[in-house]
Amino acid sequence: MTRLPAAALHAAVRAAPGRSCGRLFGVLVLLGALAGAAPTNAPFPGPAGPGAAPTNVLSPGPAGPAVPAGRAGARLAQRLYRQGRYTDAAEAYLAAAREATPAARRDFRFNAAAAWFRAGRYPEAADVLRELRHVYDDNRPVTAAGLGSALYEAAAQAATTNAAAWNRKAGLMREAGEAFKEAARLDPANPVYRGNLAVIRRELAGLEEEARIRTLLDRYAQASLFDVADAMLRDQRDITAHAPSAFTNALPQRIEALERLARKQSDTADLLIPLKAKLAGAASAHNGGAAALEPQIETVRDHMDRAAAQLRDLEPAGAEQAGLAEQVGYTVWKALAPYRALLLEDMQRQTNAIRAATQLPEAPAWPLARREQADAAALTGLFTQRFSAAVPETGAVSPALTNAPPGSEQGISAEDRARILALAATAAARQNAAREHLDAEAAEAALTEQRAAYAALKKILELLPRQPQNQQQQQEQEQKQQDPRDADRQPSQEDRRDEQDAQDRQPPQPEPQQQEQEPEPQEPAADRETEAQPPENEAEALKLMEKALQREQEYREEKRRRERRIPLPPGERDW
């Protein structure tokens, strides 16, 4: 089978407008595979015999010439290609292929792909080459390389209007890499294929990262700054609650549980992308000073990245890093939370403090009771500040200041405002008194003050306007199912053990609570991993051992890579 010239292909690419020099080098290398496979200008051989002569005439369309079937049609396509009528040439080759022998059909379709490529219609070229490989079993390396070139150019032309477009663009580039990988496998001695694969891999990394960022930004486009921070904290608390117990499983289940937690930790770290974008786009935050949170967000990201890597490497230190990420993330959450969210968190912490106090005077419960009570007192102070700023003395309320959607607040009267602030002051006084009693190890006196503080917080919640039913139900469901708020929020292992000792006992409930308004005391989410079952046979045991050895090898390589890496300063990092 003879082929048409392809020298003009490179000349056209060199003259193509709008390509940068850096991009041009990669394109020239990538096009080499398809250009080399393009038809040459030697004459076609004659028909194999009288029976091979064309017997009918096909037409590719009203704008193109009539195309004979078989080799006669291929000669016409060859002339059209030389005349620069590449679209007509491609259609003629495809028409000629319909009545050709199997071997000739494959070459005609390949030439059609080369013509589509020369016409700049890369998706059509890729479709033909893809069909050659998967339908006609064309396993030539030049066909795989041509498919890679066409897909590479199709990716370069793809639009980037939204997240879906970015993912399609990355998908085309990924498929191009797979095609060049196959070409290098079929022809290992050809350095061009390996060079093209290296170019694609470099560009693919940036495309996949951009697609991931755009997908996250689109997913949280309608969410508020606090909504993203709240989702991040819920997920991080879930990881922190499950990580310690995951290390207690037997080896097979431990690997699966920790890999699952590592993936979730990486996904939670991704939430910092829309969080930072919304933080940068906010002219001024409702609670002031939101721009000052960027260093803390970077600290959260560092802890999350370390936790993900260590959990994946089965390192127990990953649980501690997850706890540190939760601790700093909780600081960010408090800086962004509206007053209603602060009140609900305050009530939950006060509930935790009451539960811990019921375990006194046993020693393990003292640290937990003191920490929870101190945090509850701090939240009451934050609530007072946010509420005073959001609701003026006249009683009018601004939904924007409360981070609530329009229509969710019905307004707070001046009288209710004064009562709420008075109750907040009472709750704060009771909480501070409880702290003093706890420091003095006066358990009964502390418990009395704690319950009085909780009652004041409960009355505040009753005075606040009700949220819409669907929003309220969603919030309650998230509190019950996703937010293990009974857990201590400090990361030290000693504190975690103290908390577990206090929570293992069955505590009495605090004062009766209204289901629709108040957070119920939550037990820490127990790890649901079952005890490991012994391998059923020797093959399964060997498979588990190989997986453990592979994970150890990956850990060592990653550790060496991290030791060689010099991290960027926090001020130079950007999503």
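Tutor: Let us start with how the elements are named: helices (H or I, at least four residues) and strands (E, at least two) are DSSP runs, numbered from the N terminus. Ala353, for instance, lies in helix 15. The model is predicted, so local features need pLDDT of at least 70 and side-chain atom pairs count only at pLDDT 80 or more, while totals for chains, interfaces and linings use all residues. Residues are numbered from 1 along each chain as its sequence is written, and side-chain values use heavy atoms, with hydrogens and water left out.

The part I would pick is helix 18. Helix 18 has 26 residues, and its first and last C-alpha atoms are 38 Å apart, close to the 38 Å expected at 1.5 Å a residue. The expected span is 1.5 Å times one less than the number of residues.

Which residues of helix 18 are buried? "Buried" here means under 20% relative accessible area, "exposed" over 50%, and "partly exposed" in between, with a 1.4 Å probe and protein chains only. Arg417, Ile420, Leu421, Leu423, Ala424, Ala427, Gln431, Ala433, Ala434 and Leu438 are the buried residues of helix 18. As you read along that list, keep in mind that an α-helix has 3.6 residues a turn, so residues three or four places apart point the same way. The cover over these buried residues includes helix 15 (339–357), helix 16 (365–390) and helix 19.

Helix 18 and helix 19 have axes 8 Å apart and pack at an angle of about 160°. Axes are lines fitted to C-alpha atoms, for helices over the stretch in contact, and angles run from 0 to 180 degrees between N-to-C directions. Helix 18 and helix 19 are therefore roughly antiparallel; angles under 35 degrees count as roughly parallel, over 145 as roughly antiparallel, 65 to 115 as roughly perpendicular and the rest as oblique. Their crossing is left-handed. The term means that the near helix is turned anticlockwise from the far one by less than a right angle, and right-handed is the clockwise case.

The loop between helix 18 (414–439) and helix 19 (443–463) holds Glu441. Glu441 is not a glycine, yet its phi is positive, about 60°. Most residues other than glycine have a negative phi. Asp137 is another non-glycine with a positive phi, of about 55°. Asp137 sits in the loop between helix 6 (122–134) and helix 7 (141–157), and counts as exposed because its relative accessibility is 56%. In helix 7 you will find Thr143, which counts as buried because its relative accessibility is 0%.

Ala353 is buried because its relative accessible area is 0%. Leaving aside neighbours within four places in sequence, Ala353 is in contact with Ala369, Glu372, Gln373 and Gln450. Leu368 is 15 residues from Ala353 along the chain, and their C-alpha atoms are separated by 7.4 Å.

For contrast, take another helix pair. The axes of helix 9 (residues 191–219) and helix 12 (residues 272–281) come within 9 Å and cross at roughly 65°. Helix 9 is therefore roughly perpendicular to helix 12, and this crossing is right-handed. Arg212, Ile213, Leu216 and Leu217 in helix 9 meet Ile273, Pro274 and Ala277 in helix 12.

Now the wider setting. The chain has 22 helices and 2 strands, and 47% of its 575 residues count as buried. A nonpolar core is a set of buried Ala, Val, Leu, Ile, Met, Phe, Trp, Tyr and Cys residues joined through side-chain atoms within 4.5 Å. In the largest, of 64 residues, Leu275, Phe383 and Phe387 touch the most other members. Another core, of 51 residues, lies apart from it and includes Ala144, Ala155, Met173 and Ile200. Of the contacts between residues at least 6 apart in sequence, 73% join residues at least 24 apart.

Methods: Contact = heavy atoms within 4.5 Å.
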